[in-house]
Amino acid sequence: MGYRWGIIGTGHIAHQFAKGLKICSSSECYAVASRGMETAKRFAKEEEFAKAYGSYEELFKDPLVDIVYIATPNHLHYSLTMEALENGKNVLCEKPFASNLAQVKEMVEKAKEKNLFLMEALWSRFLPSIIETKKLIETGEIGTPLILQAEFGIHPPYNPESRLFNPELGGGTIPDIGIYPIFLSLLLFGEPTEIKVVSTPAETGTDMSTAIIMKHQSEKISVLLSTFATSLKSNATISGTEGRIELKRMFHTPTRVTVLKEKEEKEREIELSYVGNGYNYEAEEAIKCLNEKKIESNLLPHSFSIKLMELLDKVTSLAKGSGVKTEIINQGE
């Protein structure tokens, strides 16, 4: 037994999280809610959850639910997080945290007001590969880091009604897959001082492909790309004055990390130990925070999610239409 989890939504990510949750300590797969009872019952049976609800409100009102994982389409993240917090539930909400910066700030303020745990479910942040990469950079493994190159490209069937392309559902590459390269840049290089964006739109007006170049302090540069137009290798490389670190395909998942030093002839693969499907790491972090009675994670604090959403807002704004758009951010050097 342990913390009783309630899952909001029954899509692919909800199933993946449920599978990861099963190997977590101090966790109980307790309840799931969908917009229809039959869908909820199927999910509960398949993932071995005790309770199924045919509405989100019923789950929020269940006094036995300790923490809620929100796995709905992007446009519902804000409203459902606020409803969960109002009902006294701790919340782990899928990325992107909300639709814009103002919503994220409201969510954070509500969590503070209610003294409840709130964290963005950006699972990559908690993976051993990302933690090790950050450590390697901070300890000078590749000297001074200078260039980050990160891409994420998939080629889904074009469906204007799907969550990937429908603007009313928060569609577009930037919030769905572009968030991963942007997150990595913010984590490793910090906030940018200058942003350049080139983007091509889908017929629905959401972005189909977006390229981003960001300049950071200390002359660091990020080159980022996301697309639904074609499949990419989806690797990430951090290059420094003494070598480079590579996160292999797909860099946002449990993956291999290799280091190539300038004075060495062969790549060196970093030994990493993975358990579960990767979603268990974010759940374990949430559990750790609950045990310590924290309302935010040290690894992914509210302030980071605020900065990330601010970046997503800026990139999305610059990506409107086509052509090159530039924003100079007055942060100085």
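Predicted model: local features only at pLDDT ≥ 70, side-chain atom pairs only at ≥ 80, totals over all residues.
Student: Why is Ile221 called partly exposed?

Tutor: The relative accessibility of Ile221 is 31%. Buried requires under 20% and exposed requires over 50%, with partly exposed in between; Ile221 therefore counts as partly exposed. Ile221 belongs to strand β10, residues 221-227.

Student: What makes Ile213, Ile221 and Val223 a nonpolar patch?

Tutor: A patch of this kind takes residues with over 30% relative accessible area and no salt bridge, and joins nonpolar side chains within 5 Å. At 31%, Ile221 passes that cut-off, so Ile221 can be a member. Together the three residues present about 210 Å² of accessible area on the surface. Two of them also face each other across strands, for Ile213 stands opposite Val223 in β10.

Student: How do you know that β9 pairs with its neighbours β8 and β10?

Tutor: Two strands pair if at least two bridges are found between them. Strands β8 (residues 192-201) and β9 are joined by 9 bridges, and β9 and β10 by 7 bridges. As one example of a bridge, Val198 has Ala211 in β9 as its partner.

Student: Why is strand β9 described as mostly covered?

Tutor: Of the 10 residues in β9 (residues 207-216), 7 are buried. Since buried means under 20% relative accessible area, the description rests on those 7 residues.

Student: Where else does a residue other than glycine have a positive phi, and why is Lys293 called exposed?

Tutor: Lys293 has a phi near 60 degrees and is placed in the loop between α8 (279-291) and α9 (302-319). Its relative accessibility is 75%, and the cut-off for exposed is over 50%, so Lys293 counts as exposed.

Student: How do you know that the span of α9 agrees with its number of residues?

Tutor: The expected span is 1.5 Å times one less than the number of residues. For the 18 residues of α9 this gives 26 Å, and the end C-alpha atoms are 26 Å apart, so the two values agree. Among the buried residues of α9 are Phe304, Leu308, Leu312 and Val315.

Student: What makes Lys22 and Glu48 a salt bridge?

Tutor: The criterion is a side-chain nitrogen of Lys or Arg within 4 Å of a carboxyl oxygen of Asp or Glu. The N to O distance between Lys22 and Glu48 is 3.9 Å, so the pair meets the criterion. Lys22 lies in the loop between α1 (12-21) and β2 (27-33) and Glu48 in the loop between α2 (37-47) and β3 (51-53), so the pair ties together parts that are 26 residues apart in sequence. Lys22 is partly exposed at 37% relative accessible area, whereas Glu48 is exposed at 61%.

Student: Why is Lys248 called buried, and with which residues does Lys248 form salt bridges?

Tutor: At 17% relative accessibility, Lys248 falls under the 20% cut-off and therefore counts as buried. Lys248 forms a salt bridge with Glu246, whose closest N and O atoms are 2.8 Å apart, and another with Glu267 at 3.8 Å, N to O. Glu267 has a relative accessible area of 40%, so Glu267 is partly exposed.

How values were computed. Residues numbered from 1 in each chain as written. Heavy atoms only, no water. Patch = residues over 30% accessible without salt bridge, like charges linked within 9 Å, V, L, I, M, F, W, Y side chains within 5 Å. Areas by Shrake-Rupley, 256 points an atom, 1.4 Å probe, with all protein chains shown as cover. Helix = DSSP H or I, 4+ residues; strand = E, 2+ residues; numbered from the N terminus. Buried < 20%, exposed > 50% of the residue type's maximum accessible area, 1.4 Å probe, protein only.
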